[in-house]
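I opened the model to look up a strand, its partners, a helix and the packing around them. My entries follow in the order I made them.

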Amino acid sequence: MAVIVAGIIWANSGTSSDSPAAPTPSGPGALRTIDWSGAVAPGTAGAPRAIEPLTQIDAQGKEVAKPAAAITPAGDGKATCTPVTIATTAVSGGGSADGGVRLAIDQFTKANPGCSVALREFDTTGAQASDVAAQIVNDPSIAALIGPVFSTEIQSTGKIFNDAGLPFLTPSATDPALSTNGWHSFFRGLAADDVQGTALAKYLVNTAHYRKICVIQDKTGYGRSLAGSAVSSLGSAADPNCAADIGKGDRDFATLTTTIATAKPDAIFYSGYAEEAAALLQELRRAGITVPFVSAESTVTPDFVARAGNSAQGAIVSCSCGPVVNQFAGEYQALNGRAPGPSSVEAYDLTTIVLKGITSGRTSRADLAEYLRGYEGTGLARTYRWSTTGELATPQTWLYKVN
């Protein structure tokens with residue numbers, strides 16, 4: 001099968017000299033220029049301080065270019081096809097990914113009257129997830145699924161989708177184990193958890209050139225998992241003399257602050273949840289410790305910024321999730337009646353990719369799965385190209401800065 005490549009334009013400013021070369025633009029689809037002014041982390045609109053995209057890094061922690069343009073669902077408006085349906089389980093859990101699916105299909109159908117694409121929405125949370133999955137695969141009009149959104153959902157339903165040959169593209173599930181099931185119709189639209197911790201650690205050492213880092217983790221499974229993947233990549237930069245565990249609900253960090261001050265680190269990496277991160281950061285700043293404070297996606301929230309107050313300024317947080325730019329936010333709000341949140345952009349991008357497959361004549365499940373396995377193109381969040389296991393071939397992590 002020939003590789004379908006959507007048009008890509010890369011920005012040349014502010015990028016690493018090691019950024020990979022972009023593919024030659026070709027194939028169907030119009031491009032939208034991306035205006036990065038005013039872009040924010042997903043779900044943080046209205047936060048006391050803006051959490052703005054700083055850079056995007058690859059799995060080795062090297063900066064890569066922000067895309068200057070992305071493929072659009074509307075394309076050239078000349079698409080023709082037999083009627084087809086895209087399903088989504090992005091409504092599960094009351095998230096915001098479903099709005100991204102709706103927006104992409106709405107923009108496509110309005111621009112392409114010769115290609116009828118319907119949307120069916122399902123909820124696979126709860127004990128009956130397998131029954132709902134059976135409903136989806138037994139509808140022959142459904143050519144692809146955007147979802148499920150949670151890793152637990154996928155573990156309980158993925159075999160059903162895969163056995164039916166139905167392409168299922170998750171905009172948000174990050175459990176690394178999902179791609180180890182031998183599924184051939186599974187596609188993940190963002191970096192898995194193990195990629196993020198490693199990439200962030202390598203960025204701190206090899207790109208930001210920090211040589212002494214205090215790693216603080218909370219005692220949750222999330223905190224320990226992320227810290228573990230980070231420490232293994234930090235190597236000798238992780239100073240054991242100021243490493244520490246904190247408990248859920250801890251607020252007295254006086255002893256820890258003294259230990260960190262004595263260690264004189266170049267940076268502090270925190271692995272855990274927003275409440276303790278905010279309290280720790282406030283105490284650090286009150287103690288006059290001004291070195292960079294770095295954390296991960298659990299702190300990409302308005303709550304972290306509100307709790308930390310002015311102490312949050314300058315904090316760097318990472319997330320697999322892509323930023324929300326103004327034009328997308330406005331279009332999303334107008335259609336859905338609410339602001340976009342985490343996974344909205346990924347859901348929009350993945351739906352757009354499926355629509356491009358339909359535009360090229362791939363309306364059966366088998367043809368769409370083949371199309372996806374050979375796809376390469378740039379969306380609002382990142383470049384999409386998949387390995388044989390359904391992981392992104394070049395997974396990337398976004399870094400955000402609190403301003």
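I began with strand 14 (residues 316-319), where Ile316 and Ser318 on one side and Val317 and Cys319 on the other are all buried, leaving both faces covered. I took buried as under 20% relative accessible area, exposed as over 50% and partly exposed as in between, with a 1.4 Å probe and protein chains only. In a regular strand the side chains alternate between the two faces of the sheet.

I noted that this is a predicted model, in which local features need pLDDT of at least 70 and side-chain atom pairs count only at pLDDT 80 or more, while totals for chains, interfaces and linings use all residues. Residues are numbered from 1 along each chain as its sequence is written, and side-chain values use heavy atoms, with hydrogens and water left out.

Helices (H or I, at least four residues) and strands (E, at least two) are DSSP runs numbered from the N terminus, and two strands pair if DSSP finds at least two bridges between them.

I then looked up the partners of strand 14. Strand 13 pairs with strand 14 in the parallel sense over two bridges, and Val294 has Ile316 as its bridge partner there. Strand 17 (residues 397-402) pairs with strand 14 in the antiparallel sense over four bridges, with Leu399 standing opposite Ser318.

I traced strand 13, helix 8 and strand 14 as a right-handed β-α-β unit. Right-handed here means that, with the strands pointing away from the viewer, the path from the first strand over the helix to the second runs clockwise.

Next I checked helix 7 (residues 274-286). Its 13 residues reach 18 Å from first C-alpha to last, close to the 18 Å expected at 1.5 Å a residue; the expected span is 1.5 Å times one less than the number of residues. Its buried residues include Ala274, Glu276, Leu281 and Glu283. I found the buried residues packing against several elements, among them helix 6 (254-263), strand 13 (293-295) and helix 8 (302-308). Gly288, which follows helix 7, has a positive phi near 85 degrees.

Leaving aside neighbours within four places in sequence, Phe304 is in contact (heavy atoms within 4.5 Å) with residues including Ala274, Leu281, Phe293 and Ala315.
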